Amino acid sequence: MSSSANPFVNAGRPASSRLSRAAAIVGVGHSDWVGDWKRTRAGEKPSDGYGYGAIAFREALADSGLKRDDIDGLIAGPATAYERLSEVLGIDPRWGDQADAVLSVIKAITAVESGLAETIALVYGNDQRSAKIQYGGPQAMGGDAFLSYVYHAPWGLTSQGALYALTFQAWKHARGFEGDDLGYVAVAQRAWSSMNPNAIQRKRITLDDYRNAPYICEPLRLFDYCQINDGGVALIVTTAERAARLGKPPVYIQGFGRRDLNQGATSLEPRLTDYYRPAQEDCARQAYEMAGFGPADMDMLQVYDSFSVHVPLALEGYGYCKIGEVRRFFREQGIGPGGKLPINTSGGHLSETYMQGWAHQIECVRQLRGECGERQVPNCRHAHYTSDVCGNAVSIVYSR
Amino acid sequence: MTDVVEAVRTPPAVMGLYDGPMWASIREGTMRLQRCLNCGEMQYPPGPVCPHCLSSNLEWQPISGRGTIVSWVVYHRTYLAAYPEPYNVVAVKLAEGPFMASNLEGETPAQSWIGAPVRMVYSTMLDGTVLPRFTLAATSAGKTP
Ligand SMILES: [Zn+2]
């Protein structure tokens with residue numbers, strides 16, 4: 001299916017081009033992921049979600065050179081209540097919202113461009129590890145919603161990992177992909193994280209290490225899973241005009257797109273037939289049209305990676321390689337350091353830390369600013385972030 | 001005895017307003033789903049209207065129990081006492097159209113799981129819960145060539 005044969009009746013036009021480069025990220029910050037990983041593993045509880053968010057916010061303010069009084073908008077991440085987060089941060093916003101990583105950036109752009117707020121803090125904090133939050137098992141997500149891994153719990157299908165294992169099994173069968181070739185993702189991301197002092201897993205691994213690790217939910221192995229951790233991330237978004245007056249080079253939101261595949265979601269049909277590709281392709285079409293360029297011009301790709309499976313699906317769905325060519329892409333082009341397409345240059349959820357997509361945004365900003373030291377992608381001009389969590393495909397293109 | 005049953009409690013089914021009749025039919029050994037009398041489509045999970053045409057004219061009808069495996073996994077970790085590892089989960093495309101997650105009981109496919117024809121069986125769990133599951137249809141059992 002190509003974008004010229006769009007399956008959506010209401011395909012729509014990409015978001016108004018006036019939103020392209022209307023807003024920029026001017027400050028980023030995060031909590032001490034490595035230190036808190038050690039402390040939570042030792043049974044301590046360094047802070048709660050609000051505290052981690054506050055630490056990240058403090059860092060982001062310092063990074064931007066702005067004062068707290070400059071902030072007139074706040075978006076709280078999904079794990080903290082908006083009102084309490086405002087209270088903890090000492091902010092009375094004139095505009096506020098709650099959203100996940102990628103939608104918070106898009107909401108901030110629209111708020112800034114329409115004048116609802118001028119300078120918005122996007123703050124994520126989560127004590128998921130020390131609070132023993134389960135993303136699988138009988139208590140997952142309250143256990144009473146129409147989430148597919150809750151609906152199928154009577155059959156023992158109780159985890160997000162199993163849903164992606166089912167998707168990967170069907171996809172690799174359709175593509176003739178060897179299961180162990182998925183190991184290229186974990187190996188590459190660990191090579192990146194070995195150069196990232198903020199990553200909690202920095203020891204390089206080999207394809208043999210990958211193959212020798214146990215299955216968790218076959219066909220997925222240990223290294224296909226993310227690193228659940230406590231932590232916080234914050235970003236500050238403001239108008240392009242104001243961004244130009246600040247100290248750090250602005251990172252502009254050049255384009256974005258979204259398409260959700262919700263029909264048949266509980267029954268797993270969209271993830272098992274086309275592996276969410278129609279959503280990815282339509283999301284890509286919008287984001288590339290708004291940005292004014294496409295995958296060939298991207299200097300790096302950041303993929304929401306709760307599981308390594310997201311990466312091969314994104315390569316096909318967002319037009320980085322032809323259907324059925326991911327295996328060759330991994331082997332011949334490369335996605336690790338020195339590869340043709342650097343992917344998840346921080347190590348991502350698999351190796352840096354699982355911040356539910358938030359840390360991927362600040363990695364885009366730091367790469368585009370040229371702040372990434374040993375793992376810096378040379379002359380990084382355009383970074384594409386994408387998430388396709390359970391059929392909700394969202395992309396942002398960040399540019400210098 | 002109560003403790004034993006509690007220890008192997010089957011994870012409870014979501015009981016939305018429209019799930020009750022389906023689970024009642026499962027306990028009776030003939031699973032029923034809603035068929036839309038306007039457009040003919042069946043839906044799973046059950047719901048308030050037909051998602052294909054928005055009609056409310058739905059009728060509970062028995063399903064054939066026939067289907068095809070579209071994907072499968074094997075858990076190698078135990079998260080639930082009712083499901084000690086290793087155990088499988090299969091996604092089955094029912095002959096009537098909808099996809100459904102379940103388990104494959106008995107023999108496993110000699111060749112590819114994906115594409116293997118299956119038929120529904122009704123399993124009684126240790127705590128008495130009846131679950132619709134699948135076994136290989138005769139033609140794809142491991143022993144036959
Ligand atoms: Zn209908």
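1. Strands β1(B) and β2(B) pair in the antiparallel sense, over two bridges. One residue pair can be named here: Arg35(B) has Met42(B) in β2(B) as its bridge partner. This and what follows refers to a predicted model.

2. The pairing belongs to an open sheet of three strands in chain B, ordered β2-β1-β3 and antiparallel. The edge strands are β2 and β3 of chain B, each of which pairs on one side only. As background, strands of a sheet pair through backbone hydrogen bonds, in either a parallel or an antiparallel arrangement.

3. Chain B also supplies the ligands of the zinc ion: the SG atoms of Cys36(B), Cys39(B), Cys50(B) and Cys53(B) coordinate the metal at 2.3 Å. The site is tetrahedral, with angles of 99 to 118 degrees among the four donor atoms. Along the chain, the donors follow the spacing C-x2-C-x10-C-x2-C.

4. Where do Cys39(B) and Cys53(B) lie relative to the strands? Cys39(B) is in the loop between β1 (32–36) and β2 (42–43) of chain B, while Cys53(B) is in the loop between β2 and β3 (58–62), so the pair ties together parts that are 14 residues apart in sequence.

5. In chain A, Ile236(A) is part of strand β7 (residues 231–239). Is Ile236(A) buried or exposed? Its relative accessible area is 0%, so Ile236(A) counts as buried. Leaving aside residues up to four places away in sequence, Ile236(A) touches residues including Ala24(A), Ile25(A), Val26(A) and Gly27(A). Also among its contacts are Ala60(A), Leu61(A), Ser64(A), Leu66(A) and Ile71(A), as well as Thr119(A), Ile120(A) and Ala121(A). The C-alpha atom of Ile236(A) is separated by 8.5 Å from that of Phe57(A), 179 residues apart along the chain.

6. Between the two chains, 31 residues of chain A are in contact with 35 residues of chain B. The area buried between chain A and chain B is about 2800 Å², and carbon and sulfur atoms give 67% of this area. Tyr151(A), Pro154(A) and Trp155(A) supply 28% of the area that chain A buries against chain B, more than any other three residues.

7. How many salt bridges does the rule find across the interface of chain A and chain B? The count is zero.

Technical notes. Residues numbered from 1 in each chain as written. Chains lettered and ligands numbered in written order. Predicted model: local features only at pLDDT ≥ 70, side-chain atom pairs only at ≥ 80, totals over all residues. Heavy atoms only, no water. Donors = N, O, S within 2.8 Å, 3.2 Å for Na, K, Ca; no water. Tetrahedral: all angles 85-135°; square planar, octahedral: opposite > 155°, others 65-115°. Helix = DSSP H or I, 4+ residues; strand = E, 2+ residues; numbered from the N terminus. Pairing = 2+ DSSP bridges. Buried < 20%, exposed > 50% of the residue type's maximum accessible area, 1.4 Å probe, protein only. Contact = heavy atoms within 4.5 Å. Buried area = accessible area lost by both parts, 1.4 Å probe. Salt bridge = Lys/Arg side-chain N within 4 Å of Asp/Glu carboxyl O.
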